[in-house]
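Please have the sequence and the structure open as you read.

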Amino acid sequence: MVKEETKTTLTFEDFKTEVLSDYKLAVVSRECSLLGRKEVLTGKAKFGIFGDGKEVPQLAMAKFFKDGDFRSGYYRDQTFMMAIGKLTIQEFFAGLYGHTDIDSDPMSAGRQMGGHFMTHSLNPDGSWKDLTKQKNSSSDISPTAAQMPRLLGLAYASKIYKQVPGIKIASNFSNEGNEVAWGTIGNASTSEGIFFETINAAGVLQVPMIMSVWDDEYGISVHAKYQTTKENISEILKGYQRDSENKGYEIFNVKGWDYADLITTYEKAAKIAREEHVPVLVHVSQLTQPQGHSTSGSHERYKSTERLAWEREFDCIRQMRLWMIAINIASPEELDVIEIEAKKEVLDGKKEAWKNFIGPIINEQKEFIDLVEKATFNSSNKVKINQLLNSLRGIKDPLKKEILGTARKILRLVVNESGKQEISEWITYYLNKTQKKFSSNLFSESNSNVLNISSSAPRYSEKSELDTDGRVILRDNFDALFTKYPEALVFGEDAGNIGDVNQGLEGMQEKYGELRVSDAGIREATIIGQGIGLALRGLRPIAEIQYLDYLLYGLQILSDDLATLQYRTSGKQKAPLIIRTRGHRLEGIWHSGSPMGMIINALRGIHVLVPRNMTQAAGFYNTLFEADEPALVIECLNGYRLKEKAPLNYGEFKTPIGIVETLREGKDITLVSYGSTLRLVEQAANELSEFGIECEVIDIQSLLPFDINKDIVKSLAKTNRLLVIDEDVPGGASAYILQQILEEQNAYEYLDSKPQTLTSKAHRPAYGTDGDYFSKPSVEDIFEKVYAMMGEVKPNQFPDLY
């Protein structure tokens with residue numbers, strides 16, 4: 001039982017001091033849980049899930065957690081975070097109150113429910129800290145088991161740093177790959193598919209991961225017999241146990257109330273994972289949950305009298321106390337004193353956190369009331385205004401919404417009076433000051449965000465012709481990137497040995513090795529998670545999802561974890577993962593490749609790029625490698641064999657992100673589209689030209705961000721008509737595109753005709769070429785739609801076709 005910082009041999013007094021320190025911390029954490037629940041029930045906090053009942057095993061785990069290690073856990077790990085020195089009492093309560101000051105609530109600046117923990121990986125300017133000199137926690141999320149895929153990547157990064165030579169950035173992120181990734185999960189959440197997917201992937205990859213399962217027999221109110229076969233997760237995972245002939249896991253079982261055995265177990269687990277790079281499962285059973293699942297209910301409703309009595313008897317803190325008394329570490333009286341001190345510290349910390357949270361808001365309340373009283377002294381609506389002010393004044397612990405809501409109501413009453421300007425200016429000031437506390441950092445705000453990366457065009461020789469397959473351009477550009485960035489790697493289904501299904505990585509594994517260009521199993525959720533974890537540790541991964549439709553398997557991780565990461569950490573963590581996939585115009589229900597509306601609405605926080613050819617796609621990859629943000633790049637599935645000019649400056653030319661490109665100029669109508677569909681649009685535009693209709697064709701290029709220079713509205717100022725062509729379902733991506741053009745760019749001012757969309761049918765495409773033709777927009781569909789729109793304007797020149 002030795003902490004990293006302590007001597008190899010402990011005297012009894014050292015031993016006693018350490019045990020008593022652990023006990024006090026366990027009591028502090030428990031008291032935080034108890035008082036935290038009260039704060040919710042009294043209305044000071046909104047909701048709470050706490051770590052009571054899990055204190056002792058977390059203390060044991062923390063003893064072997066070293067600088068450089070990473071945690072990927074869930075919302076009951078408060079004791080562990082306290083034990084590694086990354087969570088104070090005041091910070092615990094600041095998170096519970098939703099304090100929007102990152103210094104007060106360093107876990108999320110009030111953006112996540114209390115209990116979601118993290119450490120800061122970034123400096124204020126968005127640059128990386130030296131992660132080897134601190135204990136690290138990736139930012140928690142609430143969706144059950146969703147911490148698992150990321151955990152795989154955090155552990156896999158150690159393998160990369162250990163086995164791949166020449167990574168120049170390694171010194172800031174790894175000590176020769178000796179870091180362990182520590183995962184935690186509740187036993188009920190092991191029922192989720194992504195738990196099993198991650199466990200399997202970690203066993204295949206053989207990474208230094210320690211997975212702790214906190215087992216208290218329940219998932220909210222549902223007993224383990226409804227959750228897990230044999231009611232025992234380690235029992236059913238025995239097949240993963242390594243042996244003399246097969247690689248796998250080391251599996252430990254330990255009781256959650258046995259302090260000494262927990263320390264012995266975690267010492268063994270840490271040694272195996274760190275020194276042998278073998279994943280370890282620690283099943284911590286016989287835990288309790290003294291306050292039930294959360295503040296929304298009581299566990300007395302679903303636990304038997306016998307179970308409740310057992311939980312009181314085998315509460316881990318009570319058992320630790322009895323053990324200390326039994327071996328003469330401390331007397332009951334000594335422990336009573338420690339408990340009293342711990343409770344006082346928690347109470348004082350809670351009071352200080354509340355004062356820091358509510359004090360500034362009370363000051364804003366007073367300042368606003370004083371301002372209004374002066375500004376509306378002579379108002380004709382003085383009575384109503386005083387009623388509103390008295391109501392606000394009567395709120396002892398006001399929220400910002402109550403102050404602002406009152407201000408906006410008063411503004412209506414003085415709209416024609418002299419006090420209007422002062423109140424209006426105050427509201428504007430208050431909104432500008434406050435809104436960013438809730439809305440900043442959806443994307444990177446560093447100097448390396450994608451909008452700060454200068455674009456540069458491909459260079460060609462005088463003899464360059466359209467004679468190179470698009471997939472060759474991608475391949476040669478990846479070759480340049482892997483040479484330029486030793487920290488770059490790519491993995492996915494068929495990405496390694498055969499160089500991906502479309503040969504865009506042909507020969508790359510042979511040149512750069514199996515760890516940098518690698519195959520992955522059929523496991524999209526953990527392919528994404530693998531990429532997130534690698535990116536969190538400074539590497540530059542490309543996670544390949546073979547087809548766009550397969551992205552649905554990983555959509556939850558992309559949406560809940562990657563897309564929210566910069567936002568939920570208030571810019572203190574980043575994972576610049578690139579997701580590479582291919583889609584559009586493939587035939588069939590399951591490979592139609594165009595669920596774009598779902599993707600762009602689920603992935604706010606990730607850039608969504610839709611290049612029409614492979615040179616554009618390669619340029620996007622080059623841009624992204626200079627940036628620090630995650631992005632999804634969707635290559636055109638039918639473009640790999642189409643001929644393009646071969647650039648001279650592979651790895652250097654950069655496609656601008658958020659900029660549209662006008663492919664054809666015209667005066668009659670603006671056609672807006674993206675990806676493979678553009679080839680059909682261009683063909684239809686050529687045919688329409690023969691009938692005297694000149695179309696302006698615009699390639700969106702990126703859906704997120706969208707046309708940041710507002711070039712589409714400039715086109716509409718000339719053509720006055722708009723058609724959006726999209727192969728997503730009706731109201732899918734086309735609805736988003738219209739919203740951006742009409743609402744964000746105010747394009748309605750220039751329209752002489754109703755803006756329209758041409759999309760696929762509501763069903764998924766049927767199989768075969770005819771299935772594609774009758775399910776998605778065709779050249780003829782585009783021609784006839786534009787022709788009909790022009791016919792409304794000039795019926796004599798363009799009579800009805802039908």
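What follows looks at confidence, then pockets, then cavities.

This is a predicted model, where local features need pLDDT of at least 70, side-chain atom pairs count only at pLDDT 80 or more, and totals for chains, interfaces and linings use all residues. Residues are numbered from 1 along each chain as its sequence is written, and side-chain values use heavy atoms, with hydrogens and water left out.

The average pLDDT (the predictor's confidence in each residue, from 0 to 100) is 95, and 99% of the residues score at least 70. Residues 1-7 fall below 50. Where pLDDT is low, the predicted coordinates should not be read in detail.

Now for the open spaces. On a 1 Å grid over the protein atoms alone, a pocket is an open set of points with protein on both sides within 12 Å along at least five of seven lines, while in a cavity a 1.4 Å probe fits but cannot get out; lining residues have an atom within 4 Å of a point. A volume is the space filled by probe spheres set on the points, which are joined across faces, edges and corners.

The largest pocket holds about 640 Å³. Among its 24 lining residues, Gly-98, Phe-357, Leu-399, Lys-400 and Phe-438 lie nearest the centre. The second largest pocket holds about 330 Å³, and Asp-549, Ser-592, Ser-594, Pro-595 and Arg-764 are the closest to its centre of 19 lining residues.

Finally, there are 5 cavities of 30 Å³ or more. The largest cavity has a volume of about 60 Å³.

Methods. Contact = heavy atoms within 4.5 Å.
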